[in-house]
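Please open the structure in a viewer and keep the selection tool at hand.

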Amino acid sequence: MEKSLSKWTQLSVTSNEVKIIEKAFSSYRTKTCIRFVPRIDEQDYLNIVKGYGCYSQVGRTGGKQEISLGRGCLFHEIIVHELMHSVGFWHEHSRADRDDHIKIVWENILPGMKSQFDKISAALQDLQGESYDYRSIMHYDSTAFSRNGKNTIETVEDGFTEVIGSATDLSQMDVVKINKLYQCRPRKKEKMIVGGTSLPTASVTTRIVTPSPTTNSGGESRFIAKFLDTESSRIIFHS
């Protein structure tokens with residue numbers, strides 16, 4: 001832990017904050033084939049900083065790619081959310097089909113913040129063929145950016161307005177979509193002999209995948225983050 005913390009001290013983070021960040025990495029490690037690993041000298045990597053607010057670019061952009069975990073951002077659910085942006089996913093409420101599932105109450109949104117509720121073209125957002133997920137870690141809550149405390153998002157399906165934005169970790173559908181995007185293969189059961197007894201073990205097999213180019217609304221070429229090797233899907237972060 002001391003070696004790990006010495007790398008993080010450039011961020012002025014405490015040992016407890018390091019544990020929170022590493023717990024978020026662990027959510028991906030235990031539920032997907034994504035592995036966040038420390039940078040050695042790789043050219044493409046995530047640069048985690050204490051900036052102004054919580055933000056991340058979407059997918060692999062190339063070179064030093066910033067994730068900000070500023071004041072109020074060092075909570076597990078927020079870090080998991082920002083990391084999911086970095087692996088290639090937009091906000092759930094920005095889906096092109098969102099009007100079938102939610103209603104945006106535009107008059108309750110703070111001035112200058114309406115862009116936070118823009119739709120993302122279906123050509124830019126790979127939904128992996130999955131349905132809308134009210135429980136996604138990528139969904140805003142019902143009063144996000146409200147100017148008056150009233151709802152800015154309401155669900156079409158009854159009973160879910162209070163559910164959206166309440167996720168504390170990757171939802172089941174989040175996991176499905178990540179594993180589809182990265183073509184994570186099911187764990188294969190193997191046998192290990194211990195004291196004459198056969199015990200099941202698990203191994204993960206993946207294959208190298210070339211990143212798929214997309215284009216954002218500003219016309220900038222982007223690449224969905226697929227940092228893969230023969231052992232696991234590895235995403236480099238700079239600590």
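Begin with the aromatic rings: the structure holds 8 aromatic pairs, a pair being two rings of Phe, Tyr or Trp (its six-membered ring) with centres within 6.5 Å, called stacked if the planes are under 30 degrees apart, edge-to-face if over 60 and tilted otherwise. The model is a predicted one, in which local features need pLDDT of at least 70 and side-chain atom pairs count only at pLDDT 80 or more, while totals for chains, interfaces and linings use all residues. Residues are numbered from 1 along each chain as its sequence is written, and side-chain values use heavy atoms, with hydrogens and water left out.

**Stop 1**

Select Phe117 and Tyr140. Their rings form an edge-to-face pair, 5.9 Å centre to centre with 80° between the planes. The pair links distant parts of the chain: Phe117 and Tyr140 are 23 residues apart, each in the loop between S5 and S6. Helices (H or I, at least four residues) and strands (E, at least two) are DSSP runs, numbered from the N terminus. Both Phe117 and Tyr140 are buried, a word that here means under 20% relative accessible area, with exposed meaning over 50% and partly exposed the range in between (1.4 Å probe, protein chains only).

How accessible is Phe117? Its relative accessibility is 0%, so Phe117 counts as buried. Phe145, at a relative accessible area of 30%, is partly exposed.

**Stop 2**

Select Gln128, found in the loop between strand S5 (102-104) and strand S6 (153-155). Gln128 has a positive phi of about 55° although it is not a glycine, and its relative accessible area of 13% makes it buried. Then go to Gln183, in the loop between helix H4 (172-181) and strand S7 (188-194). Its phi is near 50°, again positive in a residue other than glycine. Is Gln183 buried or partly exposed? With a relative accessible area of 33%, Gln183 is partly exposed.

**Stop 2: the nonpolar cores**

Select Tyr28 and Met84. Of the 28 residues in the largest nonpolar core, these two touch the most other members; such a core is a set of buried Ala, Val, Leu, Ile, Met, Phe, Trp, Tyr and Cys residues joined through side-chain atoms within 4.5 Å. The elements giving two or more residues to this core are H2, strand S1 (34-38), S2, S4, helix H3 (76-86) and H4. A second, separate core of 12 residues includes Phe117, Ala144, Val163 and Ile164.

Return to Met84 and display its contacts (heavy atoms within 4.5 Å). Leaving aside residues up to four places away in sequence, Met84 touches Tyr28, Phe89, Ile137, Met138, Leu170, Asp174 and Ile178.

**Stop 3: helices H3 and H2**

Select H3. Of its 11 residues, 9 are buried, so H3 is largely enclosed by the rest of the structure. Among the buried residues are His76, His81, Glu82 and His85. The buried residues of H3 pack against H2, S1, S2, S3, S4 and H4. After H3 comes Gly88, with a positive phi near 125°.

Next select helix H2 (residues 15-31). H2 has 17 residues and reaches 25 Å from its first C-alpha to its last, close to the 24 Å expected at 1.5 Å a residue; the expected span is 1.5 Å times one less than the number of residues. Its buried residues include Ile21, Phe25 and Tyr28.

**Stop 4: the strands**

Select strand S2 (residues 45-49) and strand S4 (residues 64-69), which run parallel and are joined by 5 bridges; strands pair if DSSP finds at least two bridges between them. Ile48 has Ile67 in S4 as its bridge partner. Strand S3 (residues 54-56) runs antiparallel to S4, with 3 bridges joining them. Here the bridge partner of Tyr55 in S4 is Ser68.

Finish at Gln57, in the loop between S3 and S4.
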